[in-house]
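Please look at the sequence and the structure shown here, and keep both in view while reading. The paragraphs that follow go through the helices and some of their residues step by step.

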Amino acid sequence: MREFEAFVAGAGGRLLWAATLITGEVADDNPRARRLLAVALARTYASWDRVQGGDPYDYARGQLATRFAHSAWRHHTTHPGSPLARLSPQERLVLVLRHHEGVAEEQIAALLGLSPQRARAICHRAMTALLHPPRGPAPALGGAKAVPS
């Protein structure tokens, strides 16, 4: 299977980075991402005869996404150094597929069993959370004394 080996050599790094972002880990400490990628590549290999006629990268990425979606409850804990640590597993998955991988919202929706509107809303919520992080608690007003005028 030289073709599959060449595919892994060429696409493995990018798929690992996508898996690392999706799992909320960091590049130096990403055991869940590596396991997720191993499963996605194993499924891609098992279907290689069928996949070769299409886009093997797209198939492997789809396997990565669906495997993560089916086990996302186990991936809720993220590494504090991850740029996507504040996002839920579903938000990380949709955001990475849409903005890192360039997958259309309609394709994300079909892959994850969502409506396109729901996929769009999740992506928007994730982007908002990244661009406008929470600022912390508001100052307490209960004990403040009014300044006489």
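At what angle do α1 and helix α5 pack, and how far apart are their axes? In this predicted model, α1 and helix α5, which covers residues 89-100, pack at an angle of about 145°, and their axes are 8 Å apart. Two numbers are given here because two packed helices are described by the angle between their axes and the distance between the axes. The crossing of α1 and α5 is right-handed. On the side of α1, the residues that make the contact are Arg14, Trp17, Ala18, Leu21, Ile22 and Thr23, while α5 contributes Arg92, Leu93, Val96 and His100. Sorted by class, this contact of α1 with α5 has six nonpolar, two polar and two charged residues.

The protein has seven helices and zero strands, so that, as counted from the N terminus on, its elements run α-α-α-α-α-α-α. Of the 149 residues in the protein, 40% are buried.

With twelve residues, α5 reaches 15 Å from its first C-alpha to its last, which is close to the 16 Å expected at 1.5 Å a residue. The buried residues of α5 are Pro89, Glu91, Arg92, Leu93, Val94, Leu95, Val96 and Leu97, and what covers them includes α1, α4, α6 (105-112) and α7 (116-131). Just after α5, glycine 102 takes a positive phi of about 75°.

Helix α2 spans residues 31-46, and its 16 residues reach 23 Å from the first C-alpha to the last, close to the 22 Å expected at 1.5 Å a residue. Which residues of α2 are buried? They are Arg32, Ala33, Leu36, Leu37, Ala40, Leu41 and Thr44, and because they cover an arc of only 165° around the axis, they lie on the same side of α2. An α-helix has 3.6 residues a turn, so residues three or four places apart point the same way. On the other side of α2, Arg35 and Ala46 are exposed. The cover over the buried residues of α2 includes α1 (2-23), α3 (48-51) and α4 (56-70). Arginine 34 also has its place in helix α2, and with a relative accessibility of 49% this residue counts as partly exposed, since the exposed class begins over 50%. Although arginine 34 and leucine 15 are 19 residues apart along the chain, their C-alpha atoms are separated by 9.7 Å.

Finally, consider two residues that touch each other. Threonine 20 is found in helix α1, where it is buried, with a relative accessible area of 0%. Apart from its neighbours within four places in sequence, threonine 20 is in contact with Glu25, Val26, Ala27, Asn30 and Ala33. Glutamate 25 lies in the loop between α1 and α2, and at 6% relative accessibility glutamate 25 counts as buried. Again leaving aside neighbours within four places in sequence, glutamate 25 is in contact with Thr20, Asn30, Pro31, Arg32, Ala33, His79 and Ser82. Glutamate 25 and proline 80 are 55 residues apart in sequence, yet their C-alpha atoms are 8.2 Å apart in space.

Methods: Residues are numbered from 1 along each chain as its sequence is written. This is a predicted model: local features need pLDDT of at least 70, side-chain atom pairs count only at pLDDT 80 or more; totals for chains, interfaces and linings use all residues. Side-chain values use heavy atoms; hydrogens and water are left out. Helices (H or I, at least four residues) and strands (E, at least two) are DSSP runs, numbered from the N terminus. The expected span of a helix is 1.5 Å times one less than its number of residues. Buried means under 20% relative accessible area, exposed over 50%, partly exposed in between (1.4 Å probe, protein chains only). The arc is that of the directions from the helix axis to the C-beta atoms. Contact means heavy atoms within 4.5 Å. Axes are lines fitted to C-alpha atoms, for helices over the stretch in contact, and angles run from 0 to 180 degrees between N-to-C directions. A crossing is left-handed if the near helix is turned anticlockwise from the far one by less than a right angle, and right-handed if clockwise. Ala, Val, Leu, Ile, Met, Phe, Trp, Tyr, Cys and Pro count as nonpolar, Asp, Glu, Lys and Arg as charged, and the others, Gly among them, as polar.
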